[in-house]
Amino acid sequence: DRRHHPRRRSFLGARVVFAGGFQTYECLVLNLSDAGAELHAAGSPCLPDVFDLEVPLRKKSFRARVCWRKAEWVGVEFIESSLLRA
């Protein structure tokens, strides 16, 4: 395990946002750490390498970069984060 931050199991609904906000896809955050997350994006087309991940229950948005992909699962690292606007 190469992670520097402990990950926490979570089943949070989230939204992948890209193309200037014109493209969005629902996904599930399976685990989460301060540095990244594992996502399950069933039925979504191939996600871009960099996108915004909005997690409404945490009231946060993360700029994320894909580290790995395996079928419908995607591992991302966070580039930056901010509070979601109400």
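Analyst: The questions below go from the whole chain to single residues, and each answer sets a value beside its definition.

Analyst: This is a predicted model, in which local features need pLDDT of at least 70 and side-chain atom pairs count only at pLDDT 80 or more, whereas totals for chains, interfaces and linings use all residues. Residues are numbered from 1 along each chain as its sequence is written, and side-chain values use heavy atoms, with hydrogens and water left out.

User: How do you know how many helices and strands the protein has?

Analyst: The elements are DSSP runs numbered from the N terminus, where a helix (H or I) needs at least four residues and a strand (E) at least two. By that rule the protein has zero helices and six strands, and the order from the N terminus is β-β-β-β-β-β.

User: What makes the radius of gyration of the protein agree with that of a compact globule?

Analyst: The radius is taken over C-alpha atoms, and the globule rule is 2.2 Å times the number of residues to the power 0.38. For 86 residues the rule gives a value near 12 Å, and the protein has 12 Å, so the two agree. Along its principal axes, the C-alpha trace spans about 35 × 30 × 20 Å.

User: Why is Ser61 called buried, and what does Ser61 touch?

Analyst: The classes are set by relative accessible area, with buried under 20%, exposed over 50% and partly exposed in between (1.4 Å probe, protein chains only). Ser61 has 12% relative accessibility and therefore counts as buried. Ser61 belongs to strand E5, and, with neighbours up to four places away in sequence set aside, its contacts (heavy atoms within 4.5 Å) are Asp52, Leu53, Glu54, Glu80, Ser81, Ser82 and Leu84. Over the whole protein, 36% of the 86 residues count as buried.

User: Why is Trp68 called partly exposed?

Analyst: Trp68 is also found in strand E5, residues 60-70, and its relative accessibility is 35%, which is why Trp68 counts as partly exposed. Beyond four places in sequence, Trp68 touches Glu38, Trp73, Val74 and Gly75. Ser81 is 13 residues from Trp68 in sequence and 20 Å away in space, C-alpha to C-alpha.

User: What makes Leu30 buried, and how far is Leu30 from Leu12 in space?

Analyst: Leu30, in strand E2, has a relative accessible area of 17%, and therefore Leu30 is buried. Leu12 is 18 residues away in sequence, yet the C-alpha atoms of Leu30 and Leu12 are 7.1 Å apart.

User: What makes a group of residues a nonpolar core, and which members touch the most others?

Analyst: A nonpolar core is a set of buried Ala, Val, Leu, Ile, Met, Phe, Trp, Tyr and Cys residues joined through side-chain atoms within 4.5 Å. The largest such core here has 20 residues, and Val29, Leu39, Phe51, Leu53, Val76 and Phe78 touch the most other members. Two or more residues each come from strand E1 (8-18), strand E2 (23-32), strand E3 (36-40), strand E4 (50-55), E5 and strand E6 (73-83), with E1 giving the most, four residues. In soluble globular proteins, nonpolar side chains tend to be buried together. Phe51 has contacts beyond four places in sequence that include Val16, Leu39, Phe62, Val66 and Val76.

User: Why is Ala71 called exposed, while Ala19 is in another class?

Analyst: Ala71 has 75% relative accessibility and so counts as exposed, whereas Ala19, with a relative accessible area of 47%, is partly exposed. Ala19 sits in the loop between E1 and E2, and Ala71 in the loop between E5 and E6. Phi of Ala19 is near 55°, a positive value in a residue other than glycine, and phi of Ala71 is likewise near 55°.

User: How do you know whether Asp34 is buried or exposed?

Analyst: Asp34 has a relative accessible area of 61%, and therefore Asp34 is exposed. Asp34 lies in the loop between E2 and E3, and its C-alpha atom is separated by 21 Å from that of Pro48, 14 residues apart along the chain.
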